[in-house]
Amino acid sequence: SPLADAFVRDGSYANSNYGTDSQLVVKLDGTGNTRTAYVQFDLTGVGSISQAKLRLFGKLSDLYAPGLIAGVYGADGAAWSESALTSNNSPAVTTSSLASNTVIGKTGAWYEFDVTAYLQQQKALGRSKVTFAVRALSAGPTLMTFSSRETGNSPQLQISA
């Protein structure tokens with residue numbers, strides 16, 4: 001389970017906090033409409049990593065687009081609080097896209113992102129926490145919504161030794 005998760009929105013909403021929202025909303029659209037989700041996990045106690053997947057339960061808000069692409073990035077793992085996270089203080093994205101997946105339909109489903117190489121690198125650097133940024137890679141009026149840790153289908157980090 002994640003230590004923290006939240007999404008941020010830019011523009012006039014840049015100081016707003018969505019840390020207790022039941023959804024992690026992701027969207028690429030004009031200023032004020034772009035949203036990025038952040039998810040943080042604890043790696044303490046994790047030994048060797050042969051495979052790692054970030055799993056998100058998500059769907060589209062409507063069917064104006066048949067599918068939208070979500071990309072997962074590594075972000076600054078420095079301490080951040082889901083109750084204080086805003087667009088203005090959000091962690092810096094530190095990698096290119098680690099993985100992507102196409103979200104389709106209005107019915108929730110699990111989407112997996114292979115983050116093996118990134119987690120292996122972070123463990124080798126001695127990091128005990130890791131943060132992922134989830135961004136829309138395709139633009140449009142449709143939202144991608146992923147379940148937050150406040151729901152039964154919270155984000156998961158599945159690690160195999």
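Two strands count as paired if DSSP finds at least two bridges between them. Strands (E, at least two residues) and helices (H or I, at least four) are DSSP runs, numbered from the N terminus. This is a predicted model, in which local features need pLDDT of at least 70, side-chain atom pairs count only at pLDDT 80 or more, and totals for chains, interfaces and linings use all residues. Residues are numbered from 1 along each chain as its sequence is written, and side-chain values use heavy atoms, with hydrogens and water left out.

Start with β3 (residues 35-42) and β8 (residues 129-136), which pair in the antiparallel sense over six bridges. Within this pairing, V39 has F132 of β8 as its bridge partner. Both strands belong to an open sheet of five strands, in the order β1-β3-β8-β5-β6, with antiparallel pairing. β1 (4-9) and β6 (99-104) stand at the edges with a single partner strand each, so one side of each has no neighbour in the sheet.

Now turn to the helix. α1 (residues 116-124) lies across β5 (67-75) and β8, and runs at about 150° to β8. Such angles run from 0 to 180 degrees between N-to-C directions, with axes fitted to C-alpha atoms, for helices over the stretch in contact; contact means heavy atoms within 4.5 Å.

Which residues of α1 are buried? They are T116, Y118, L119 and Q122, where buried means under 20% relative accessible area, exposed over 50% and partly exposed in between (1.4 Å probe, protein chains only). Seen down the axis of α1, the buried residues fall within an arc of 165°, so they line one face of the helix. The arc is that of the directions from the helix axis to the C-beta atoms. The face turned away from this buried side carries the exposed residues A117 and A124.
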